[in-house]
Amino acid sequence: MSRPLGAVIGRYPSSDGSTQIDGIIKRNRKCRDLAFLVVFVAFWVAMIVNSSFGFNQGNPLRLTYGLDYKGNVCGDKHAHPNLRELELTYWVNPNQVYLSGSKNSQFKLANARSICLLDCPRPTDDGLNWVCDYPEGDIRISMDDWIDRNYDYYEFLTPEMRNSSLQLQGPCYPVIFPSVNVHWRCEFVARASNASLRHWQVMGGLNIDEDIIIDKTIHKSVNARSSVLKRYVADIGKSWPVLIVCGGLLPLFLSVIWLLMIRHLVAAMPWVTVALFNVLIVSVTMFYYLKAGWIGNDAISPVIGPPDPYYHVFGRELNHIRAVAILMTLIMVVSVLTSIAIARRILMATSVLKVAAKVIGEVQALIIFPVIPYAMLAIFYMFWLSAALHLFSSGQIVQNNCDNSNCCAFDLVSKRVNCDRCCGYGVRYTPHIAIAIFFHLFGCYWATQFFIASSATVIAGSVASYYWARGDASPEIPFLPVFGSMKRLARYSLGSVALGSLVVSFVESIRFLLESIRRKLKVTDITPDGWIGKVLHHSSGFCLRCVEWTIKSINRNAYIMIAITGKSFCRASGIATELIMNNILRIGKVNVIGDIILFLGKLCVSLSSAVFAFLMLDTHKYRSSHNKISSPLFPVVVCWGLGYVVATLFFAVVEMSIDTIILSFCQDSEEHQGTAQYAPPLLMETLNDQNEMQRLTQ
């Protein structure tokens, strides 16, 4: 057994036997784990360099909009010509679209001639509409006039240009097929207009292929996995007001309200938390059912604007929403049954929460303190999200290599048909972009864990000051315990916190990578032979989760001992583990029930964020026109996650208060033959109650 902590954090005797009144929790302190603090600072420098690459090479517009025949991103006001509000990609040559979908052709849709438009053109019933290239050269009309003329200046063409247009080589192309705006791509409907086709044939135009391939080709490109992932990431950028309100401000307000209710209505809070959790998880599940189309007629649709009544489009996003709805149904059933099972244990949680409520009442600055790490995390997340959008869209726009004979087009500047370098454009990603994105994600998780750990350590130091001074306003307690604890953290223990957060982040990253490998093996039907291999294959994920949970639990108690003793992370972990093992029967049940109630409270805050995110995303702003999101799935999940992080920061006040008080009480009891000497009168008033004491010690 290590030496008594009372000699470190309480009043300790001097060499002559007299009692010294020196600052508690201030003795024998020095900087710990400095090497890991240097690593953390170096990692931040690398994060900034990595992000600067994204800001230099990326353009978030690429995640949503396509490229035109000049290599411009649709909707880019800095392009030449100015493409602001021209956000839709339209493939002008239907034969190229057909050719790209043919099995025997090497021609790809990315090389088909495309242009950026304000809306999808539709054929007329009494003539032939045209879509012409951007006006330049001898076509002396402005872009605004070109838009007002519905992209048609066929009447201004020379005989040579008209003949080239009839050969589907531009600069004007006929509108034969109707098209629908599907995720800012004009998707052809394989139903040619008879009137337009007849006019085209009368004019002597080239034969146009009519087949359902022309429909499926564009839809296959729009519905590709990479395209769906890009839209999901773009949805997060478009819904930034929702993230601020539902992922930042709302959980801040709800968390403060929850802490105040713990302070004044502690007896009712466990029951309120369990009931509210059940209501919220049912509400979130019902919202997913609505968006899946299983309740009502509000299913998500890939079509932007008025749909074609004779053309129905389905996207991967709808399948994903339905899969999540099924998953939420299972989670809802398990959660409701679990909440019913723990109903008999809620009284035990009430007694534990009373201890934390009394501490919060004495050290009232604890309620306000989480605002500081909250503000830091908010600034970090805004920078990180902006950098993530640029990183995910980073790359260089280059012209593709293709069969030039299939992409010949009239050049208005050179005044001739050009078959050289007429291929389409694409984004060429750098080879290390995947590593850069993973590094960015890892940095976000490490920084989040670091801020949470720092906040927990400050709270533990404040509560420990309160406990080991017997709850009195004695000279040992700083005038402001919270600021005193912050000072000790910044001066001595940032390296230890960096190490603890790195351990959690590393284990979580390993679990994520192994889980990805397991899923790929499952998709490719590569599973181990034999029952032993199958058991190991299926149990590996569960074991990793157990390891992750154990490390997080050890870290939390290690932060308490760091705040109390000022030891290094490894040494503090050893002290905390030894103390817990010696008192496992005393504190185990109490901690488990208390942690469950706090976990449900965090879920209540995060689920409330998800519900309000659904409501905000259901407004007209995000359902149509420029800001339409492809699916509410990612924005809601991000709001859910942000709400949980914010709740973790604030609920740590209660969580760390309970753990610090219990660990200090157990250590105090061990050092004084089962009778705590440093417990403050306000705490002993609760603990002396026979029923409360029995619950704590059983």
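Mentor: A disulfide here is a pair of cysteine sulfur atoms within 2.5 Å. Keep in mind that this is a predicted model.

Trainee: Which cysteine does Cys-132 join in a disulfide?
Mentor: The S to S distance of the pair is 2.0 Å. The cut-off is 2.5 Å. The partner of Cys-132 is Cys-172.

Trainee: What is the handedness of the disulfide of Cys-132 and Cys-172?
Mentor: Look at the torsion about the S-S bond. For Cys-132 and Cys-172 the torsion is about 105°, so the disulfide is right-handed.

Trainee: How many residues apart in sequence are the parts that Cys-132 and Cys-172 tie together?
Mentor: Both cysteines are buried. Cys-132 lies in strand S5, and Cys-172 lies in strand S6 (residues 172-174). The pair therefore ties together parts whose separation in sequence is 40 residues.

Trainee: How many disulfides does a search of the whole structure find?
Mentor: Cys-132 to Cys-172 is one of them. Cys-74 to Cys-116 is another, and so is Cys-120 to Cys-186. The search of the whole structure finds four.

Trainee: Where do Cys-74 and Cys-116 lie, and how many residues apart are they?
Mentor: Their S to S distance is 2.0 Å. Cys-74 sits in the loop between H2 and strand S3 (88-91), and Cys-116 in strand S4 (residues 114-117). This pair links distant parts of the chain, and the separation is 42 residues.

Trainee: Why is the disulfide of Cys-74 and Cys-116 left-handed?
Mentor: Both cysteines are buried. The handedness comes from the torsion about their S-S bond, which is about -80°.

Trainee: What is the handedness of the link of Cys-120 and Cys-186?
Mentor: The S to S distance is 2.2 Å. About the S-S bond the value is -100°, and the link is left-handed.

Trainee: Is Cys-570 buried or exposed?
Mentor: Exposed means over 50% relative accessible area. Cys-570 has 56%, so this residue is exposed.

Trainee: What does Cys-31 count as?
Mentor: The relative accessibility of Cys-31 is 42%. Partly exposed is in between the buried limit of 20% and the exposed limit of 50%. Cys-31 therefore counts as partly exposed.

Trainee: Now the helices. What distance separates the end C-alpha atoms of H14?
Mentor: H14 covers residues 371-392, which is 22 residues. At 1.5 Å a residue, H14 should span 32 Å. The end C-alpha atoms agree with this, at 31 Å.

Trainee: Which helices are included in what covers the buried residues of H14?
Mentor: The buried residues of H14 include Phe-380, Tyr-381 and Trp-384. Their cover includes H2, H8, H9, H15 and H20.

Trainee: What is the direction of H14 relative to H15?
Mentor: The two helices pack at an angle of about 175°, with axes 11 Å apart. Over 145 degrees counts as roughly antiparallel. H14 is therefore roughly antiparallel to H15.

Trainee: How many charged residues are in the contact of H14 with H15?
Mentor: On the H14 side, Leu-377 and Trp-384 are among the residues that meet H15. On the H15 side, Leu-441 and Phe-451 are among them. The contact has 17 nonpolar and four polar residues, and the number of charged residues is none.

Trainee: Which helices are included in what covers the buried residues of H8?
Mentor: Among the buried residues of H8 are Val-228, Arg-231, Asp-235 and Lys-238. Their cover includes H7, H9, H11, H14 and H20.

Definitions and conventions: Residues numbered from 1 in each chain as written. Predicted model: local features only at pLDDT ≥ 70, side-chain atom pairs only at ≥ 80, totals over all residues. Heavy atoms only, no water. Helix = DSSP H or I, 4+ residues; strand = E, 2+ residues; numbered from the N terminus. Expected span 1.5 Å × (residues − 1). Buried < 20%, exposed > 50% of the residue type's maximum accessible area, 1.4 Å probe, protein only. Contact = heavy atoms within 4.5 Å. Axes fitted to C-alpha atoms, helices over the stretch in contact; angles between N-to-C directions. Parallel < 35°, antiparallel > 145°, perpendicular 65-115°, else oblique. Nonpolar A, V, L, I, M, F, W, Y, C, P; charged D, E, K, R; others polar.
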